[in-house]
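Student: I have a structure open and would like to go through it. Can you take me through the fold, then the core, then the charged pairs?

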Amino acid sequence: MEGVSVRKIKKICVFCGANSRKDVAFVNAAFHLGEVLGKRKIDLVYGGGKLGLMGCVSTAVAQHERQVLGIIPSAFTINNLVGETCGKEIKVATMQERLVMMMELSDAFIALPGGFGTLEELFQMISWAQLNIHNKPISVLNINGFFNGLLSFVDHAVKQEFITPRARKILISATTADELVDKLQAFRFESDPALSKLKWSPSSSQKEKLDLTLRL
């Protein structure tokens, strides 16, 4: 990365599946991502619990003595639904509050393979970046081509002029953890001139710092 200014990343939020039925390649990649974050002295923010790939990443980061923060809706903690969080845990009332807190406490975002919840979190962060609510890098770790179809669809939406080439740059991808973190550190946000005029005023309430109810 010689000659490229590096973004300082201290905490990365990882979105991924909690389903325990998973390919061994995904498990290995999740553990390896946690190891890479740990070796680079990067702390983890995630959805809490120990199920699926979320448990793999958080365990690996904790084993490298980095801080792990799980942000989890209180409803998920009833009857120990998702297992014990590896590290510190913050309970929130709603899914929206959870995502807002993840955004505020993280310097970058990585999505691993997952289902609708993972995709919702990924695209919510992308749309908020497009709306100039934040300027943090967002990415997918494309393990075994898992995100090939999604990336092709996004490129198709660009060709159909529903997504601008500038907005397309918001979503970063790589096939290895080291390459992905390098790309996150090298990311330079390019805001849309029109959308950059939007003003998002903080609220006086600690629980409602931003009004993020807008949907595209």
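**Sheet, cores and salt bridges**

Tutor: This is a predicted model. Strand E2 (residues 43–46) pairs with strand E3 (residues 68–73) in the parallel sense, over three bridges.

Student: Which residue in E3 is the bridge partner of Tyr 46?

Tutor: Gly 70 is the bridge partner of Tyr 46.

Student: What is the strand order in the open sheet?

Tutor: The sheet has seven strands in the order E4-E3-E2-E1-E5-E6-E7, with parallel pairing. Strand E4 (88–92) and strand E7 (171–174) are the edge strands, each pairing on one side only. On average, neighbouring strands are turned by 25° against each other, direction ignored.

Student: Which strands does helix H1 touch?

Tutor: Helix H1 (residues 24–39) packs on the sheet and touches strand E1 (11–15), E2, strand E5 (108–111) and strand E6 (138–141). The direction of H1 makes about 170° with that of E1.

Student: And where does H8 lie?

Tutor: Helix H8 (residues 177–186) lies across E1, E5, E6 and E7, and runs at about 150° to E7.

Student: Now the core. How many residues are in the largest nonpolar one?

Tutor: The largest nonpolar core has 32 residues. Those with the most contacts inside it are Ile 12, Val 14, Leu 33, Leu 37, Leu 44, Ile 110 and Leu 112. H1 gives the most to this core, with seven residues.

Student: What is Leu 37 in contact with, leaving aside its neighbours within four places in sequence?

Tutor: Leu 37 is in contact with Ile 12, Val 14, Ile 42, Leu 44, Val 61 and Val 181, once those neighbours are left aside. There is also a second, separate core of 28 residues, which includes Cys 13, Phe 15, Met 102 and Val 140.

Student: Changing topic: how many salt bridges?

Tutor: The count comes to eight. In one of them, Asp 182 pairs with Arg 40, the closest N and O atoms being 3.0 Å apart. Asp 182 is in helix H8 and Arg 40 is in the loop between H1 and E2, 142 residues apart.

Student: What about Glu 121 and Arg 98, buried or exposed?

Tutor: Both Glu 121 and Arg 98 are buried. Their side chains meet in a salt bridge, 4.0 Å from N to O.

Definitions and conventions: Residues are numbered from 1 along each chain as its sequence is written. This is a predicted model: local features need pLDDT of at least 70, side-chain atom pairs count only at pLDDT 80 or more; totals for chains, interfaces and linings use all residues. Side-chain values use heavy atoms; hydrogens and water are left out. Two strands pair if DSSP finds at least two bridges between them. Helices (H or I, at least four residues) and strands (E, at least two) are DSSP runs, numbered from the N terminus. Axes are lines fitted to C-alpha atoms, for helices over the stretch in contact, and angles run from 0 to 180 degrees between N-to-C directions. Contact means heavy atoms within 4.5 Å. A nonpolar core is a set of buried Ala, Val, Leu, Ile, Met, Phe, Trp, Tyr and Cys residues joined through side-chain atoms within 4.5 Å. Buried means under 20% relative accessible area, exposed over 50%, partly exposed in between (1.4 Å probe, protein chains only).
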